[in-house]
Amino acid sequence: PSYCLCSAGRSRRTGRDPDVGTNSLQNYQLSLNQYFTLAVKESPDGSKQAELLLEKPLDREKQRYHHLVLTAVDGGDPVRTGTAQVRVNVTDANDNPPVFTEEIYKISLRENLPKGSLVLQVRATDTDEGLNAEIMYSFSNVPDNDRKLFSLDPRTGGITVTGPLDFEEVKFYQANVEAKDGGGLTAHSKVQIQILDENDNVPVIDFTIISNPVPEDSAPGTVLALLNVRDRDSGKNGEVTCGISDINDNSPI
Ligand SMILES: [Ca+2]
Ligand SMILES: [Ca+2]
Ligand SMILES: [Ca+2]
Ligand SMILES: [Ca+2]
């Protein structure tokens, strides 16, 4: 016969041997293993009972089943034995927290990315099973303003852009993300988002006229107007060169 234990508890087995005296049941033996032992107890009526005891903690993540062979031995000559197969199923306990694949997720994004763009996937693993390994993701300690710009899918860990990213306004975002398994164990990681400049601003010219119309006897070198040119972009995108193109004599300034 085969006995299946659904968790590691005590199992009592009484051997039956219709013979009497030394030909009757003498002892039980358990196959060699490191987790279980047998305690054999004798009842007042002389029958022997075997209790299967847990010797050291089980770890489902290392071994989910244990196969044992229980042997009952009589004292006859020749010795006769009976065996029973015992299969121990180890059920899961939530003894492992989720683990993020990265301590810090760093990405760079172009400004003005369209809303709905998936920009990053955070991921945590959990070596338990079932609900104990089911992970929900969430932002933690994120300012309300930033929450409007990014959303995190609690199931997939996907981060999408949900608002305008403007390098000229904010160049860097940081968010804490949490992974929580179905048993309530948590892990934390960080997301760092660098915004990259795009050339999305045209140069703006401030034109201050000092003297107009210009008297015909003005000396060369007389300042006629002040030009102030600005471009809100950075680097090459904000570098401005000024030039005067030919204008018709009759054109108004
Ligand atoms: Ca877990
Ligand atoms: Ca476990
Ligand atoms: Ca520009
Ligand atoms: Ca820009």
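Visitor: Which protein atoms are the donors of the calcium ion (ligand 2)?

Guide: The protein donors are E61 (OE), E61 (OE), D92 (OD), A93 (O), D95 (OD) and D128 (OD), at 2.2 to 2.6 Å from the ion. A donor here is an N, O or S atom within 2.8 Å of the metal (3.2 Å for Na, K and Ca), and water is not among the atoms, so sites may look incomplete. Keep in mind that this is a predicted model, where local features need pLDDT of at least 70, side-chain atom pairs count only at pLDDT 80 or more, and totals for chains, interfaces and linings use all residues; side-chain values use heavy atoms, without hydrogens and water. Residues are numbered from 1 along each chain as its sequence is written, while chains are lettered from A and ligands numbered from 1 in the order in which they are written.

Visitor: How are those donor residues spaced in sequence?

Guide: The pattern for ligand 2 reads E-x30-D-A-x1-D-x32-D.

Visitor: What is the geometry of that site?

Guide: Ideal angles are 90 or 180 degrees for six octahedral donors. To count as octahedral, six donors need opposite ones over 155 degrees apart and all others between 65 and 115; four count as square planar by those limits, or as tetrahedral if all angles lie between 85 and 135 degrees, and anything else is irregular. The ligand 2 site, with angles of 51 to 156° among its six donor atoms, is irregular.

Visitor: Is D92 buried or exposed?

Guide: Buried means under 20% relative accessible area, exposed over 50%, and partly exposed in between (1.4 Å probe, protein chains only). D92 counts as buried because its relative accessibility is 19%, whereas D95 is partly exposed at 47%.

Visitor: And which protein donors does the calcium ion (ligand 3) have?

Guide: N199 (OD1), N201 (O), D231 (OD), D231 (OD), D233 (OD) and N237 (O), lying 2.2 to 2.7 Å from the ion. Their residues follow the spacing N-x1-N-x29-D-x1-D-x3-N. The arrangement is irregular because the six donor atoms subtend angles of 49 to 166°. Both D231 and D233 are buried.

Visitor: What is the strand order in the open sheet?

Guide: Strands of a sheet pair through backbone hydrogen bonds, either parallel or antiparallel. Here three strands run in the order 10-14-13, with antiparallel pairing. Strands are DSSP runs (E, at least two residues), numbered from the N terminus, and two of them pair if DSSP finds at least two bridges between them. Strand 10 (118-121) and strand 13 (150-152) are the edges, each pairing on one side only. Three bridges join strand 10 to strand 14 (residues 158-161), and L118 has T160 as its bridge partner in strand 14.

Definitions and conventions
Helices (H or I, at least four residues) and strands (E, at least two) are DSSP runs, numbered from the N terminus.
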